[in-house]
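Okay, thanks for coming, everyone.

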Amino acid sequence: MKVSILVSDLSKSGAGRWGGAVRTFLLAQALKKLNYEVEILGFVFGDDQPDLSASGFPVTTLPGRNYPGFIQVARTLLQKIDGDLIYALRPKPTTLGLALLKRSRSRRSRILLDIDDWELGWHNPYKPNFKQLARDIIKPEGALRYPDHRLYLQGMEKLAHRADAITVHTHFLRERFGGTYVPNGKDTTRFDPQLYDPQETRLRYGLSDYRVLMFPGAPRPYKGIEDVLAALEQLDQPDLRLAIVGGSPYDDYDRKLLERWGRWIVKLPTFPVEKMPEIVSAAHIVVVPQRDTPAAKAQFPLKLTDGMAMAKPILATRVGDIPEIVADAGVLVDPSCAEQLAEKIQWIFENMETARAMGLKARQRCVEQYSIDTMAAILAGLLQRLHSS
């Protein structure tokens with residue numbers, strides 16, 4: 001059978017930003033293990049078309065447009081969807097909306113909906129006055145011309161139950177939407193610490209003079225990077241550095257961090273997904289310092305399993321599912337607490353053998369519970385029930 005995965009934004013600031021390492025492609029890998037034929041289809045809003053040829057899957061992209069131009073683009077995409085199962089990623093007009101429309105025309109299609117973020121948690125309520133509403137509708141760049149505007153997202157969330165089944169990746173989302181818990185898996189054969197020499201990697205990337213804390217993701221305010229930097233400021237040890245990999249594709253937050261905390265930051269570029277295990281191998285500690293916000297609670301940080309799979313000491317905060325994912329295989333602190341982060345950074349470096357043992361335990365936990373094979377096993381049971389219903 002064939003699965004068509006629908007993605008709202010495959011641009012470099014969307015699902016294409018890591019070239020095949022985000023949930024879209026993790027689900028595709030899990031389905032491939034189950035011998036499904038998989039295609040990925042979606043839109044690219046803006047000009048930042050990514051190169052997704054290394055993902056291993058056929059990817060169809062169409063230029064994202066505002067209304068009314070979006071209607072014609074959507075018609076074209078609908079014609080290209082030919083899966084027996086449509087897997088819509090997030091309850092959006094550009095994904096679930098099109099999946100429901102396709103099903104209304106082709107009764108053979110079943111719909112899976114994956115919710116890996118709470119979209120409405122990112123937006124303030126839309127309460128325009130009459131003039132603002134008119135501008136948002138009439139102006140060519142008016143807000144309501146955008147296909148996934150908050151107002152439309154509210155409507156799509158109410159239609160989530162129209163999917164034949166729902167998958168989620170955090171307990172926060174399962175409490176909100178129901179469905180089957182499918183954690184983000186890691187390719188633990190690729191992310192294998194035995195394949196890399198950390199000292200050689202640090203030398204190759206200019207990190208050999210430092211004790212390296214690493215954040216292998218896109219920094220945003222709710223991810224707590226500033227708390228780690230404040231902790232480094234408190235410790236004031238000149239060989240400590242926070243390596244930020246890839247930077248933010250969304251805004252100039254990187255620049256703001258460098259302006260204030262540049263002394264403690266090593267900024268590494270974005271790397272292809274196949275290089276990330278090597279990059280993570282350079283870390284002494286992987287930090288996941290999420291702050292206690294709705295956006296953070298709804299997310300399953302991929303950088304967490306990056307570090308776990310590579311057997312790195314994990315320093316993270318007690319936010320969302322992180323305590324359950326890490327359990328006793330990492331070091332946890334309260335969110336937004338630079339003092340606790342500083343204390344635990346010091347403790348890890350003073351007890352590195354114990355920390356490395358925790359890292360090995362984290363890898364084993366990742367292999368057993370947070371791998372692509374785990375995702376495939378859960379999806380197998382769900383799809384079997386779906387096909388037999």
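So, let's start at Phe 43, which is buried, with a relative accessible area of 0%. Buried here means under 20% relative accessible area, exposed means over 50%, and partly exposed is in between, using a 1.4 Å probe and protein chains only. Quick housekeeping: this is a predicted model, where local features need pLDDT of at least 70, side-chain atom pairs count only at pLDDT 80 or more, and totals for chains, interfaces and linings use all residues. Residues are numbered from 1 along each chain as its sequence is written, and side-chain values use heavy atoms, with hydrogens and water left out.

Now, aromatic pairs. Rings of Phe, Tyr and Trp (its six-membered ring) pair if their centres lie within 6.5 Å; planes under 30 degrees apart are stacked, over 60 are edge-to-face, and the rest are tilted. By that rule we get 8 aromatic pairs. In one of them, Phe 43 and Phe 70 have ring centres 5.1 Å apart and planes at 55°, so this pair is tilted. Where do Phe 43 and Phe 70 lie? Phe 43 is in strand β2 (residues 37-44) and Phe 70 in helix α2 (residues 69-80), so the pair ties together parts that are 27 residues apart in sequence. Helices (H or I, at least four residues) and strands (E, at least two) are DSSP runs, numbered from the N terminus. Phe 70 is buried too, at a relative accessible area of 4%.

Another tilted pair is Phe 300 with Tyr 370, at 5.9 Å centre to centre and 55° between the planes. Phe 300 sits in the loop between α11 (294-297) and α12 (302-309), and Tyr 370 in the loop between α15 (352-369) and α16 (372-388), so here the parts tied together are 70 residues apart in sequence. Phe 300 counts as buried at 4% relative accessibility, and Tyr 370 does at 3%.

Okay, zooming out. The protein has 16 helices and 13 strands, and buried residues make up 57% of its 389 residues. Take contacts (heavy atoms within 4.5 Å): among those between residues at least 6 apart in sequence, 74% join residues at least 24 apart. And the C-alpha atoms fill a box of roughly 65 × 50 × 35 Å along the principal axes.
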